[in-house]
Amino acid sequence: MKKYWKSLEELKDIQAGPETLPEPLPEFSIEGLTEEEVSNKIKSNRRDFLKTLGFSIGLAAAASSCEVPVRKAIPYLNNPEEAKPGMSLHYASTFFDGHDFCPVVVKVREGRPIKVEGNELSHITCGGTSARVQASVLNLYDSARQKHPMKNGEVAGWQQVDDEIMEKLREIAGNEGRIVILSSSVVSPSTLKVFEDFKAKYPTTEVFYYDPVSYSAIRMANKSTFDKPAIPSYRFDKAEVIVGFNCDFLGSWLSPIEFAKQYAKTREIGEDKQTMSKHYQFESYMSLTGSNADKRVAIKPSDEITVMLNLYNKIAEKSDMPLFDAAPSPVNIDEVAEDLFNHQGKSLVVSGTNDIYIQAVVNAINFLLANLGGTYNFERTLNTKKGCDQKMAKLVDDMEAGEINALILYNVNPAYDYFDVQKFTDAVKKVGLTIAISEVNDETARLAEYVCPDHHYLESWNDAEPYTGMFSLSQPTIRSLFETRQGQESLLKWAGLEPNYLEYIKKYWEENLFDKQDQYLTFHDFWIHTLQNGIYELEAETKTCPLYDFEFLGVNANELKPQKPEGLELVLYEKIGIGSGKQANNPWLQELPDPISKAVWDNYVAISPKYARENGLTQEDLVKVNGSFELPILYQPGQPYGTVSIAIGYGRQHGGKVANGLGKNVYAFSKLVNGSRQFNKGSVTLEKTGEKYPIATTQTYHSMEGRPLIRETVLDKWKADPASGNELHAINEKKRVTLYKKPVYEGFHWGLSVDLNKCIGCSACVTACQAENNIAVIGKEEVKNRRIMHWIRIDRYYSTAEPDRQGPEDIHRIEPDNPEVVHQPVMCQHCDNAPCENVCPVAATPHSKEGLNQMAYNRCIGTRYCMNNCPYRVRRFNWYRYVTNDKFDYNFNEELSRMVLNPDVTVRERGVVEKCSFCIQRIQEKKLDAKKEGRLLKDGEIKPACVQSCPTKALVFGDMNNADTMVARDMENPRMYNLLEELHTLASVGYLTKVRNKEAGHEHDDHHA
C-alpha cells in the first residue's frame, strides 16, 4: 500500500504507525501562538476588554470624522475612439527578456496593462504561460526601474548623453579602436539588422552574446557531430519514450512552456487513446520534470556521463555500431535501453548539462534510435541561447588587457551573474567608454559611465523569431512611464539613423517577409493583420537528416572519463519563480512556493535527509558553504546521497527593494569546463555555525490528516478497468446519506475539472490568479505564521511504498530517499452542500443560483467560522491591511505598482475573508457579451485565470448542466473523483485519477544511486 506525505514531519507520523497519534493541537491558538503565549501578550480581563472596546469605538468615530484623502482623476481631453470606461482592450504582443519567450495577449484597462495571457494562435505555446510570464506585467510598474539617463551616476538629458556618446564613438572608430556590443540573446530579426547598421557606421564593432544560464555546448556538439551549430527542435509530443538527464525541460530548460504543452499531449488518455508516453528521468536534484517522471533515478552529477555511455553502448550493441569505453553504470539501465530500442523514431533523449561531450553522446543515442527528423530535427532551429561561453571568457580577458575601447552592455548583468564577478568588474574599469542599456540601474549598469534606460517590453515595439520561420510582434500597450527610450532607438540614434523603430521594423518586414506570403495585396493589410494576430509563421523547410560524425567522440575518448570531485557534489539550478534572478525584484515570484520544496523568499542548501542525519545536520541549520557564505539546510527527499543543490537567482545587491539582500549569490560556483559554463561540476564543504535560520515553507499548511486525497493507478490496470485507482468513488456514492436535498440548477452550474495526469505543478495558475484577483503579498514573516493569501495552492505529495510489517522494528523502514511525487491544485471547491455557508452569522457566504460559493466582503466581520468549517482549508483571512501599509512594502504599498490592480475585483480590507471565486468577473463579462450578441455561451469561452494560464491544459472549466461541454464529460469519466467526497459536500471541482506508465506490480519501484 502506498503512503502519501507532504513533509518529513508527516512521514514521522506514518513511520510511527497507527498506534501513535499526532500530538493534539492546543485548545486555544491564534495562528501558531499557544494559550500561554497569548495570555502573556494580552493578559486581559472583562474590565480591560471594555476599556479596549470603548477606546476602539472612540478611535473609529474620530477616524470617520477625519477628512477623506483626496484622489485626483484626470479626464481625457479627447477620448480615444476605442477606449470605453469599464471595458478592457486586448493587444497581441511578445514576451522575451533574453531568457524566457512567450507570445502573449495583454489586457489593458483605462490605459493600464493589468494582465498577460498566452496567445492561443501561437503554435509554439498554444496559449500557455509560465509564472514568470504572468508576473512580468508587475515589472512594468516597478519603482526600481531606471527613470532617467545618467552620466557617472548623475541624472543627465538625452541630448547631452547622445552627443557625448556619438562623439566618443566616432573618435574610437576613427582610431580603429575596438567597440563591443555585449548583448543578451536576441531573437528579433530587426534588432539584428540594427546591429548590422551600427557596425556599418562603426566598422570596428563586434557583437557578443552572453547568457547567464548557457547552453552553448548544444550548439558546439551539433557543430562537431552534425556540422550544424544550432539548437534543434525537440518534439516531446512525438515521443513515446522520453529519457532526461539532468534536464528540467518542464521547468527551465530552453523552452519549458512549449515542452510542457507537448509533454501533456503524450500524457492524455481516454477511450480513444489507450497509450501514453513512458518517461525516465536521471537527475542530481529533485526537479519539476523529475517529479513528473514515471521512473526517476537519482544519480550524482559525476555519474551522468557513465550512465549515458552505458546506455549508448547497450543500444549500439543491438545496432552493430561502434562502442566506447565506459565504467560500469552505477544504476540499472537495462529497462531504459530496451524501451528506447523498441521505440526507434518515437523516442527522445535529452540532457540539460552544458558539456560538449555529454551533448555529443546525446546526439549519438538519438542518431542510433533514428530520432533525427522526428523528435529531434533541424527543420526549425531555436534562436534563443546564442551565448558562447568561450567567446565571453575571451572578451573579459581582452577587457582586462585594455584591448576594448568601448563597451555597450545591452540587457545583460554579468557583474551579478558571471562566474567570476570580480574579474569582470575589474575589467570594465579598463574600458574607455562604457554604456549600459538597461531597464534597471543594476549591478552592471552602476559600473558604466552612461546609463541609457530601456523601455519595458509592454512599452515597446519589437519583433521576434524564436524558431526559424516562426515570427511574432510586440506593440506598446502603454506610453512609457518614465524618461526611457528603447534600446534599438538608442543604437539607431548613435548610428546617425532615424530613431523610429516602428518604421524600421515595418520596413524590414516589407523587404524580407511580405513577398513570402500571397494572401494580402498590400503591405498595410498584411501588417495590420499580423499585428492583430501577433504571429506570422512560414512553412518549415524540409531538410535532409544529418549524419553523425563518430570520429569526434573517438578522438576525445579521454574526455568521456568521469571526473569525481572530492566532498559533496554541487548542483546549481533555476527555481520556477526566480529563474536566473532577472525578475528577483518581483514580489509575486518571491512569494511563489517552489513546486518541490514549497519554500519562499530564500535559497538554501537542499540535502538528502539520510546524509544529513549521518552527519549531524538538522533542518534550518545555518552552514558555511566553502567557508565563504552562510545558507540554511533544507531536507529534500529525492536529493541523491552525497550531493547538495542550491538555487541561483538570489543574492542581488542592486535589484530593487524586494530583491536586495535575499539569499546568497552562488553563480561563482559555476565553472568553465570543456569550453562551456557548467552548473553541476563543482563540490562544496559544509561547516555548521551553530545557528539556525528559519525557512518559510508552505508544505505543512492545511494538512489533510492522511485522508485519501490522491488517487492513482498504473496504465495496465487502467486499460483493464478505467475506474482503477478510483474504487473509493463508487463506495462513497453508495454510502451517501443526507438530510439535505440535492440542489437543482435550472440555468448554469459551473464546475472545474483537474487532470492529475497533465498537471505538472508549474504554478503558472498560482501567479495568474494572484494577478487577476488582486491577491496581496504578505512577506516571509507572515508566511511563517501560515497566513499566505494565494487563492489556489498546489499541494505536493510524496509517496512511498509501505513495507510489510512483520514486527515493531519495521515501522521505520519507509525511507524518503527517492519518493514519487504528485502535484494537486486545490482551490475553493464550490460545494453545493458547503459547510462554510451555514455557519456565517452575517450571511457573508451565500450560494449563487449558478452553484458558486460567494463572498460578500462588505458583510464579512471576520469571525472566521467559515474558515474553521472548510474541510479543504481554501479560505484566506486578511490579518492586516496590506494596502498602503509600510510594514508590507510590496506592490500594494506604492501608487505606481498599484496601477496593476484589476478594477473588476475588490481589494480586500483588514478583517475580511477571501477565497477563489472561479473568477466571477470573467463569468459575468462573457455572459453579458453573449447576451449583447444574442447568442448562447460557447463551451470553453469562459476561462478563469488559472485555466487560461495553464500550459498543459490540465484545468477545464464550464457548465456541468450542459452534457456537451468538456467539463460535463470529465465529470462522467470513470477516473473522476472529488476531494473528501465522503463528507457529501458535493464539490464542483473534480479530479481525474493520476495514471503512471508502469507495469502492474511495479507501482512502487524505487531507483536511486
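Is Glu120 buried, partly exposed or exposed?

1. Glu120 counts as partly exposed, at 46% relative accessibility. Buried means under 20% relative accessible area, exposed means over 50%, and partly exposed is in between (1.4 Å probe, protein chains only). Keep in mind that this is a predicted model, where local features need pLDDT of at least 70, side-chain atom pairs count only at pLDDT 80 or more, and totals for chains, interfaces and linings use all residues. Residues are numbered from 1 along each chain as its sequence is written, and side-chain values use heavy atoms, with hydrogens and water left out.

2. Now for Glu120's partner: a salt bridge links Glu120 to Lys943, with the closest N and O atoms 2.5 Å apart. (A salt bridge is a side-chain nitrogen of Lys or Arg within 4 Å of a carboxyl oxygen of Asp or Glu.) Glu120 sits in the loop between β4 (112–118) and α4 (131–140), and Lys943 in the loop between α27 (920–932) and α28 (945–949), so this pair ties together parts 823 residues apart in sequence. Helices (H or I, at least four residues) and strands (E, at least two) are DSSP runs, numbered from the N terminus. Lys943 is partly exposed too, at 25%.

3. Next, have a look at Lys692 and Asp621, whose side chains meet in a salt bridge (2.9 Å, N to O). Lys692 belongs to strand β30 (residues 686–692) and Asp621 to strand β24 (residues 621–625), so the pair ties together parts 71 residues apart in sequence. Asp621 is buried, with a relative accessible area of 7%.

4. Some salt bridges share partners: Arg178, Glu206, Lys394, Asp398 and Glu403 are joined into one network that way. The structure holds 51 salt bridges.
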